Amino acid sequence: MASGVKPRVKVPKTAAAGETITIKTLISHKMESGQRKDSDGNPIPRSIINRFTTEFNGENVVDVALEPAISTNPYFQFDAVVPEAGEFKFTWYDDDGSVYEETKSIKIG
Amino acid sequence: MNRPQTLTRAIAFAAAACVAAGANAEPDTDQLVVNEEIEMITEAAAPAHTENLSTVYSGWRFRADETQALQMDDFENPAMIFVEAAAEVWSTADGTKGNSCASCHEDVESLRGVRAVYPKWNEAAGEVRTLEMQINDCRENQMGADKWKYTGGDMTNMTALISSVSRGMPVNVAIDGPAQSMWEQGKELYYTRTGQLELSCANCHEDSYGMMIRADHLSQGQINGFPTYRLKNTKLNSVHARFKGCVRDTRAETFKPGSADFVALELYVASRGNGLSVEGPSVRN
């Protein structure tokens with residue numbers, strides 16, 4: 001696991017049925033591109049988050065492929081329709097095989 | 001036959017160019033409210049000791065709307081990643097005495113107001129101290145830990161954490177009494193031209209604020225928003241690191257971060273922003 005990785009998610013606690021809500025996500029990660037060299041001239045191995053997904057009650061909401069050009073601490077913001085109460089599950093996949101997860105439940109009201 | 005028309009067009013064009021230039025010469029009129037809660041003062045009557053300005057503006061007012069928006073919500077403010085990292089360090093014991101910051105200060109909220117009055121005269125030590133100097137004094141004497149590098153990541157993260165609990169409070173740095181000679185020294189530096197380009201701080205930040213410096217909109221160089229997350233290097237930047245960058249850009253040998261010269265300059269520059277809100281950690285270019 002890369003050091004200092006911490007996922008953060010902001011989802012409203014409640015929404016009206018069928019309402020479109022805005023979701024914000026941020027994960028601290030150095031996103032080493034693999035194209036830089038250290039002070040001795042040796043390439044620094046690539047270490048990035050390569051995939052980010054969100055599911056709502058098991059149904060896919062977004063599925064993003066990330067490439068080395070994406071900046072440090074990747075931030076995603078997107079809209080989602082909430083048909084019913086349930087749980088958002090956010091997953092980030094690291095090059096080194098680590099998987100970071102975060103869940104947020106939302107109520108109808 | 002076409003001539004009058006062309007001339008009219010030329011005049012219209014010139015007028016439009018003037019308007020554009022006029023817009024560049026001023027800070028914008030946006031209001032800064034962080035988390036829909038903390039109302040920031042980004043414009044204030046200049047303190048009496050800032051003779052050559054009538055109004056002081058936070059650097060936030062000179063930034064593009066997109067950059068401004070990043071600072072208006074803690075979730076979107078990338079600096080908050082570093083504040084969270086410092087919050088962990090806050091309660092982690094370090095050094096030979098087994099103390100953490102929390103051992104003495106408990107919650108960081110207990111330091112609300114601290115950022116607003118630093119740099120500050122320390123009677124026991126007989127010197128003007130910056131927040132960084134005070135933190136290292138705590139580490140050395142209260143914790144028995146190694147000092148942090150003056151502009152290092154740990155240090156800047158911690159100043160960001162301490163600053164974050166004072167956000168919205170007006171900067172109120174004391175410049176009289178025992179601090180006065182240091183302040184005079186800082187003022188002297190502010191108006192001294194350095195480097196091959198022979199520029200003083202005042203040439204850009206007092207005479208020319210609002211104008212473009214290459215692709216960037218020159219601010220008044222206020223430090224109420226420090227430490228600052230800069231989009232150009234995606235990390236927190238401390239006041240002295242910024243000073244060093246500015247002096248270097250005049251093509252001069254710079255003073256050392258943490259040196260008496262920069263402490264004096266920080267005291268003077270901070271005092272020019274008395275009345276503006278503490279914004280740190282802010283987001284800038």
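These questions and answers walk through a predicted model of chain A and chain B.

Trainee: What ipTM does the model score?
Mentor: This is a predicted model, so start with its scores. The pTM is 0.85. The ipTM is 0.76.

Trainee: What pLDDT does chain B average?
Mentor: pLDDT is the predictor's confidence in each residue. In chain B, 91% of the residues score at least 70. The chain B average is a pLDDT of 91.

Trainee: Over which residues of chain B does pLDDT stay under 50?
Mentor: Look for a stretch that has zero contacts beyond four places in sequence. Where pLDDT is low, the predicted coordinates should not be read in detail. In chain B, the stretch under 50 is residues 1–23.

Trainee: How many helices and strands does chain B have?
Mentor: Chain B holds both kinds of element. The count is eleven helices and eleven strands.

Trainee: Why is chain B called as compact as a globular protein of its length?
Mentor: Take the globule rule for 285 residues, which gives 19 Å. The radius of gyration of chain B is close to that value, so chain B is as compact as a globular protein of that length. That radius is 21 Å.

Trainee: What box do the C-alpha atoms of chain B fill?
Mentor: The box is taken along the principal axes. For chain B, its size is roughly 90 × 40 × 30 Å.

Trainee: How many strands are in chain A?
Mentor: Chain A has zero helices. From the N terminus on, its elements run β-β-β-β-β-β-β-β. The strand count is eight.

Trainee: How many residues of chain A are in contact with chain B?
Mentor: Take both sides of the interface. Chain B brings six residues. Chain A brings twelve.

Trainee: Which residues of chain B lose the most area to chain A?
Mentor: The area buried between the chains is about 870 Å². Carbon and sulfur atoms give 57% of that area. On the chain B side, three residues together make up 66% of what is buried. They are B:F75, B:I81 and B:E84.

Trainee: Which residue of chain A meets B:E84 in a salt bridge?
Mentor: Between chain B and chain A, the count is five salt bridges. On the side of chain B that touches chain A, the residues divide into two nonpolar, one polar and three charged. The side chain of B:E84 is in a salt bridge at 2.8 Å, N to O. Its partner is A:R8.

Trainee: How many residue pairs are in polar contact across the interface?
Mentor: Both residues of a pair must be at pLDDT 80 or more. Between chain B and chain A, the number of pairs is five.

Methods:
Residues numbered from 1 in each chain as written. Chains lettered and ligands numbered in written order. Heavy atoms only, no water. Contact = heavy atoms within 4.5 Å. Buried area = accessible area lost by both parts, 1.4 Å probe. Salt bridge = Lys/Arg side-chain N within 4 Å of Asp/Glu carboxyl O. Polar contact = N/O pair within 3.5 Å; in protein donor to acceptor, adjacent residues only side chain to side chain. Nonpolar A, V, L, I, M, F, W, Y, C, P; charged D, E, K, R; others polar. pLDDT = per-residue confidence, 0-100. Helix = DSSP H or I, 4+ residues; strand = E, 2+ residues; numbered from the N terminus. Rg over C-alpha atoms; globule rule 2.2 N^0.38 Å.
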